[in-house]
Amino acid sequence: MSISPAYIRSKSVGDGSSFVCSACKATYPAAQVAGSLYVCPGCSHHARIGAHERIRQLADKGSFQEWDEALTGTDRLGFFDTRAYTERLEEARARQQLPDALLTGSALIEGHPAGLAAFDFGFLGGSLSTAVGERLARAIEHSSAQRLPFVCVTSSGGARMQEGVFSLMQMAKSVAALHQLAEANLPFISILVDPTMGGSIASFAALGDVILAEPKAMIGFTGARVITQATYEQLPAGFQTSEFHHARGLIDRVVDRRELKADLGRLLAVLAAPTGESDRALA
Amino acid sequence: MTPAEPGVRAGEEVAAAAWAHVEVSRHPDRPYALDLIQRCLDDFIELHGDRQGGDDGAMVIGLARLEGQRLAVVANQKGRTLEERGRRNFGMAHPEGYRKAQRLFTLAGRLKLPVVSFIDTPGAYPGVAAEERGQAWAIAQTLEAQLALPTPYLAVVIGEGGSGGALATLLADSVMVLEHAFLSVASPEAAAAILFRDAGQKQHAAAALRLEASNLLEWGIADEIVPEPPGGAHTDWDGTAAILRPRLVTRIKQLTDRGFDPARRRARYRQLDGLFEG
């Protein structure tokens, strides 16, 4: 697998050898920040990373085998806003080195086989296109067929407006696919990272058997700006962060990115195919 | 209506026509769910509450009969008077509303009742309290409940079908859409704000999204477009109900007669869009 440059909110400066944290503004050597998985060594701010980098961080070295690598969608509506949608798509494909906003495949995570999917927020905001929905549904189905637990790292603004009602229907498609995984008694671990909004959190991403989130990720159905415009309400402190939802029983665990792989490994060790006597009695 | 040309900005006339469709679907005199339920169904008995602490007025559930067939009913409800608009929250449900719908799907499954839904919502309520109580989780679980429902299920879009809030009661075996109703990924105003950074471009957003009901039939998302009386449903509630009722009877009979299998519903939503390369 080729690793494209990570999409990161914190900008590299000068010759790219240093990195400025978008939260605390401190400057660090780029190699040091890459080593801390794009978590700021000073303030622990989790910078956004792309799908390729996410998979590099979670999959055991050399274990990732991509699924449906050539699968793309079409511009069903012939959509034009201020530019043609087809132009936006081509530009995003070239920049992110991805066919659309989701990368899927099988991998080993701390030695445990799993289906693994990662959204790419840099690709049109990680939005739900028909191609993303299809890649996701197929990844869930490949996992079912191969008896693999399914792990999905979501970073998505929600629907892709340019695909209109077809985008909306991807919420239904993903939930229909997950029904099959549940019928096969296979676990779905949903990992929410900054940001996970709208149609993505209101469908598959909220349906994890176990839901993890990175610290301080923005997660919610309606974005804060729209809520303020629509209702003039004051937003409470920490509104729509991982910690906010965790305190309300909606997220199981808030996990630092530097511990995420180890945490996943522990979960998969418990949730993987039953082997013990007591488990067999239930199987 | 002239469709928008693909890949270019719609002309002003096309945009105005798309916007007119949205305005008819939102007409203040349009029959709301309970207006049609009272005229189309027999013996409607409203039930209340999600059994978890709330009773959301924006979502109505109940039991009914239609020519002898027992039914479970779930509907988005808008208000007409100032008081009722507040109580119904303009048809925008909180998590309690979606959990109330889930309760209805559970009840219908246990008692083997076919379900009919009536959809007329701008969308799920975009407020702080809704987020605090898990709006996204409530909608996701309702999508799951619909796809697990073991009995026949018919959805009717009667007005606005806004976003995830509409989808929460749309994932049926058969979907009917009134002639001037629409289903959209976002309201045209919200889409315009996102796409053009200008809510004033709502007419162009409506055209670009191709919101007209007839497209839903072409795309296989709807199975039937229900004509409205001349001038639109808002001019004649009884006339609208007279057209809708026999079509409900026929559709429900088709669904209950054909050796029902909920796996077909899941396959429908899994395979809805089949055009992929690679």
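Three salt bridges are found across the interface of chain B and chain A. The structure is a predicted model. One of these bridges joins E134(A) to R270(B). Their closest N and O atoms are 3.1 Å apart. This separation meets the rule, because a salt bridge needs the nitrogen within 4 Å of the carboxyl oxygen.

At least two residues each come from α5 (128-132), α6 (135-148), α7 (163-167), β7 (182-184), α8 (188-195), α9 (202-209) and α12 (262-270) of chain B. The largest share comes from α6(B), which gives ten residues. By residue type, the side of chain B that touches chain A holds 32 nonpolar, nine polar and ten charged residues.

The interface can also be described by its contacts and its area. In chain B, 51 residues are in contact with 61 residues of chain A. Nine residue pairs across the interface are in polar contact, with both residues at pLDDT 80 or more. The size of an interface is often given as the accessible area lost when the parts come together. Here chain B and chain A bury about 4,800 Å² between them. Carbon and sulfur atoms account for 71% of that buried area.

Confidence was examined for chain A. Its mean pLDDT is 91. A pLDDT of 70 or more is reached by 91% of the residues of chain A. Residues 1-10 of chain A have a pLDDT below 50. Even so, this stretch has 32 contacts in the model beyond near neighbours in sequence.

Salt bridges were then counted over all chains. The total is 38. One of them pairs D263(A) with R253(A), whose closest N and O atoms are 3.0 Å apart. D263(A) lies in helix α9 (residues 257-271) of chain A, and R253(A) lies in strand β11 (residues 253-254) of chain A. The pair therefore ties together parts that are ten residues apart in sequence.

Over all chains, the rule gives six aromatic pairs. A pair of aromatic rings is described by the distance of the centres and the angle of the planes. For F119(A) and F204(A), the centres are 5.7 Å apart and the planes lie at 5°, so the pair is stacked. F119(A) belongs to strand β6 (residues 112-119) of chain A. F204(A) sits in the loop between α6 (198-201) and β9 (210-213) of chain A.

Notes
Residues numbered from 1 in each chain as written. Chains lettered and ligands numbered in written order. Predicted model: local features only at pLDDT ≥ 70, side-chain atom pairs only at ≥ 80, totals over all residues. Heavy atoms only, no water. pLDDT = per-residue confidence, 0-100. Contact = heavy atoms within 4.5 Å. Buried area = accessible area lost by both parts, 1.4 Å probe. Salt bridge = Lys/Arg side-chain N within 4 Å of Asp/Glu carboxyl O. Polar contact = N/O pair within 3.5 Å; in protein donor to acceptor, adjacent residues only side chain to side chain. Helix = DSSP H or I, 4+ residues; strand = E, 2+ residues; numbered from the N terminus. Nonpolar A, V, L, I, M, F, W, Y, C, P; charged D, E, K, R; others polar. Phe/Tyr/Trp six-rings, centres within 6.5 Å; stacked < 30°, edge-to-face > 60°.
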